[in-house]
Amino acid sequence: LARQALDLMDAGDYAKVEGLFTPRMAEAVPADKLKAAWESLPVQMGKATGRGKATTAMQGKVAVVQVPLHFEKAELVAKFAIDADGRIAGFLVQPAQAPAVAADAPYTEHDMAIGDGARALPATLAMPKGAGPFPAVVLVHGSGAHDRDETIGANKPFLDLARGLAAQGIAVLRYEKRTKAHPEEFAGGDFGVDDETTFDGVLAVDALRKTDGIDPERVFVLGHSQGGMLAPRIAALSGHVAGLVLLAAPARPLLDILIEQNRRMAVLDDGELSADERTALNALVAQVRQTRDAATPAATRTVLGQPAGYWRSIDGVDAVAEARRVALPMLVLQGGRDIQVVDADWQAWRAAFDGDPKVAFKLYPALNHLGIPGEGEGSLAEYAQPGHVDPTLVDDVAAWIRAQPRPAVP
């Protein structure tokens with residue numbers, strides 16, 4: 001049945017595929033949405049080059065079928081959930097799992113959980129081989145419902161960082177973001193950015209400090225993008241963070257940056273705003289204005305379909321001021337080809353901490369928002385091209401962490 005559905009999608013017969021769905025699945029993913037999603041894959045991943053062998057596993061009465069999909073620029077997996085009546089109850093396409101750690105690698109990986117009970121987050125600890133105790137890093141995602149590898153297009157920057165740092169004697173904890181692992185918790189309108197990101201970062205720091213082989217006084221937080229913006233807050237709430245690494249961290253209000261990003265993306269192709277692009281930008285500006293209007297109820301869905309209260313909680317974050325208050329050692333990293341968090345943010349961090357002996361800065365002219373090298377003007381399209389975080393950046397992070405003295409314990 002899974003192969004039949006894939007054949008029909010390849011043939012463009014999306015209505016027949018919808019006919020294979022359960023009623024609930026057909027309502028959630030009708031033929032037009034399925035068409036848009038399926039036909040976007042070759043645009044992002046290059047030409048399809050074939051499929052791998054399908055595998056099936058039972059989860060209760062549901063059969064979970066996985067079919068590898070080969071593209072020029074990426075390896076993906078199509079996953080189907082097929083119910084006892086022979087109907088497709090679930091379907092998604094996601095990047096293939098990361099390759100297994102080589103037996104001779106200087107580190108191992110094992111599963112962990114962040115938090116307790118049903119709300120726990122699945123996680124992976126990359127642990128250097130040897131006696132320890134080792135310095136350690138918690139990786140905190142950017143905006144969006146990210147997996148533990150922070151998979152974006154064909155790239156897995158957190159996987160690269162975790163394994164690259166672990167190979168240099170630094171333990172790394174990465175975990176599924178709450179919006180990815182437990183989206184049901186965000187179905188209502190009563191949540192903020194701390195519920196989404198901050199509190200789990202604090203739990204992750206605590207879990208690392210209690211792990212055998214980890215030096216509890218040398219646990220660092222590396223935040224990427226929005227995660228970098230919230231890293232100082234995580235440190236403040238935890239009280240047990242030795243230092244911060246900020247990768248492509250916004251220094252200005254995120255809603256203002258979002259408007260700026262969308263305006264920049266709109267003119268990347270031809271240098272001009274089309275009528276449709278102008279309409280979309282005006283709508284976004286109106287949504288931001290509505291969000292910031294105190295008369296708008298907090299549960300009202302505004303920018304990107306998120307509640308106004310959520311965006312107000314982000315608007316309340318002053319990353320630079322919070323970083324000043326925690327006064328921790330910091331390493332601030334920025335890619336020169338980043339089209340999402342740009343030079344204005346980099347300069348704001350530089351100006352705020354110029355001359356501070358505890359703060360180091362590294363600018364990488366060839367790197368994009370993911371820390372991956374490229375050429376020419378940056379674009380969102382390059383996220384679909386497989387690459388890896390620049391080894392020099394990984395080396396710089398490892399060297400900076402090793403150079404931080406162990407804090408004196410009162």
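Visitor: Which residues have the most contacts inside the largest nonpolar core?

Guide: Leu244, Met330 and Trp349 do, in a core of 57 residues. Bear in mind that the model is predicted.

Visitor: What is Met330 in contact with, leaving aside its neighbours within four places in sequence?

Guide: Quite a list: Leu244, Leu246, Ala323, Trp349, Phe353, Lys358, Val359, Ala360 and Trp400. There's also a second, separate core, with 28 residues, including Leu8, Ala26, Met45 and Phe91.

Visitor: Why is Glu150 called buried?

Guide: Buried means under 20% relative accessible area. Glu150 comes out at 0%, so the label applies. Glu150 sits in the loop between E8 and helix H5 (157-166), and its phi is positive, about 50°, although it's not a glycine.

Visitor: And what makes Ala248 count as buried?

Guide: The cut-off is under 20% again, and Ala248 has 1% relative accessibility, so it counts as buried. You'll find Ala248 in the loop between strand E11 (243-247) and helix H9 (254-267). Ala248 is not a glycine either, yet has a positive phi of about 55°.

Visitor: How do you know that E3 and strand E4 pair?

Guide: Pairing takes at least two bridges found by DSSP. E3 and E4 (residues 75-82) have eight, in the antiparallel sense, so they pair.

Visitor: What makes strand E1 a partner of strand E3?

Guide: E1 (residues 48-51) and E3 (residues 62-71) share three bridges, antiparallel, and at least two are needed, so this counts as a pair. Arg51 has Leu69 as its bridge partner in E3.

Visitor: How many bridges join strand E2 to E3?

Guide: Five, with E2 (residues 55-59) running antiparallel to E3. Ala57 is partnered by Val64. The hairpin of E2 and E3 has two residues between the strands, and Gly60 there takes a positive phi near 65°.

Visitor: Why is helix H10 called roughly perpendicular to helix H11?

Guide: H10 (residues 275-292) and H11 (residues 308-315) pack at about 80°, with axes 9 Å apart. Angles of 65 to 115 degrees count as roughly perpendicular, so that's the label for this pair. Gln290, Thr291 and Arg292 of H10 meet Ala308, Trp311, Arg312 and Asp315 of H11. By class, that contact has two nonpolar, two polar and three charged residues.

Visitor: Which peptide bond is cis?

Guide: The one from Gly132 to Pro133, with omega near 0°. Pro133 is in the loop between strand E7 (121-128) and strand E8 (134-140).

Methods: Residues numbered from 1 in each chain as written. Predicted model: local features only at pLDDT ≥ 70, side-chain atom pairs only at ≥ 80, totals over all residues. Heavy atoms only, no water. Core = buried A, V, L, I, M, F, W, Y, C linked by side-chain atoms within 4.5 Å. Buried < 20%, exposed > 50% of the residue type's maximum accessible area, 1.4 Å probe, protein only. Contact = heavy atoms within 4.5 Å. Helix = DSSP H or I, 4+ residues; strand = E, 2+ residues; numbered from the N terminus. Axes fitted to C-alpha atoms, helices over the stretch in contact; angles between N-to-C directions. Parallel < 35°, antiparallel > 145°, perpendicular 65-115°, else oblique. Nonpolar A, V, L, I, M, F, W, Y, C, P; charged D, E, K, R; others polar.
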